[in-house]
Amino acid sequence: MKLLNFFKNVALTLTTTELYCIWSKEELHEVSTAHMWMIIIAVAIIFFGLLRMIDKEVYRAYIIRRKKKNKRAEIMSRLEAENANEETSDSASIR
């Protein structure tokens with residue numbers, strides 16, 4: 001899954017960087033070649049970093065939600081076990 005997310009991020013970064021280059025073609029050709037490549041690489045690195053940060057936060061939110069769900073299920077099973085124990089102790093005291 002992590003490898004799939006990495007390739008997804010790279011593909012989105014390349015696509016977005018290419019769109020940026022097309023959009024600002026005239027402005028990029030006004031600066032020197034070295035500056036042009038530094039700008040393009042900086043845009044790609046920034047966008048890739050943002051995508052990784054978004055993926056981390058989404059995964060973190062998923063883990064938190066899963067922990068809450070598991071904790072809720074654990075509490076419910078514990079309550080059901082306590083209720084079952086109370087019912088058996090009540091029926092035993094009646095006899």
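This report describes the overall make-up of a predicted model and then a few of its residues.

## Basis of the model

The model is predicted: local features need pLDDT of at least 70, side-chain atom pairs count only at pLDDT 80 or more, and totals for chains, interfaces and linings use all residues. Residues are numbered from 1 along each chain as its sequence is written, and side-chain values use heavy atoms, with hydrogens and water left out.

## Overall make-up

The protein contains three helices and zero strands, and its elements run α-α-α from the N terminus on. Helices (H or I, at least four residues) and strands (E, at least two) are DSSP runs, numbered from the N terminus.

Of the 95 residues in the protein, 9% are buried. Buried means under 20% relative accessible area, exposed means over 50%, and partly exposed lies in between (1.4 Å probe, protein chains only). The protein exposes about 8,500 Å², of which carbon and sulfur atoms supply 65%; accessible areas come from the Shrake-Rupley method with a 1.4 Å probe, and for residues only the protein chains shown count as cover.

## Aromatic residues

The structure holds three aromatic pairs. In one of them, the ring centres of Phe-6 and Phe-7 are 5.7 Å apart and the planes stand at 65°, so this pair is edge-to-face. Tyr-20 and Trp-23 form a tilted pair, with 6.3 Å centre to centre and 55° between the planes. Rings of Phe, Tyr and Trp (its six-membered ring) pair if their centres lie within 6.5 Å; planes under 30 degrees apart count as stacked, over 60 as edge-to-face and the rest as tilted.

Tyr-20 and Trp-23 both lie in helix H1, three residues apart, about one turn of the helix. Tyr-20 is partly exposed because its relative accessible area is 25%, whereas Trp-23 counts as exposed at 71%.

## Phe-6 and its surroundings

Phe-6 is placed in helix H1 (residues 2-23) and counts as partly exposed, at 40% relative accessibility. Together with Phe-7 and Phe-48, Phe-6 forms one aromatic cluster.

## Asn-9

Asn-9 is also placed in helix H1, but counts as buried because its relative accessibility is 3%. Not counting residues up to four places away in sequence, Asn-9 touches Phe-48, Leu-51, Arg-52 and Asp-55; contact means heavy atoms within 4.5 Å.

The side chain of Asn-9 makes a polar contact with the side chain of Asp-55, at 3.0 Å. A polar contact is a pair of N or O atoms within 3.5 Å; within protein, one must be able to donate a hydrogen and the other to accept it, and residues adjacent in sequence count only if both atoms are side-chain atoms.
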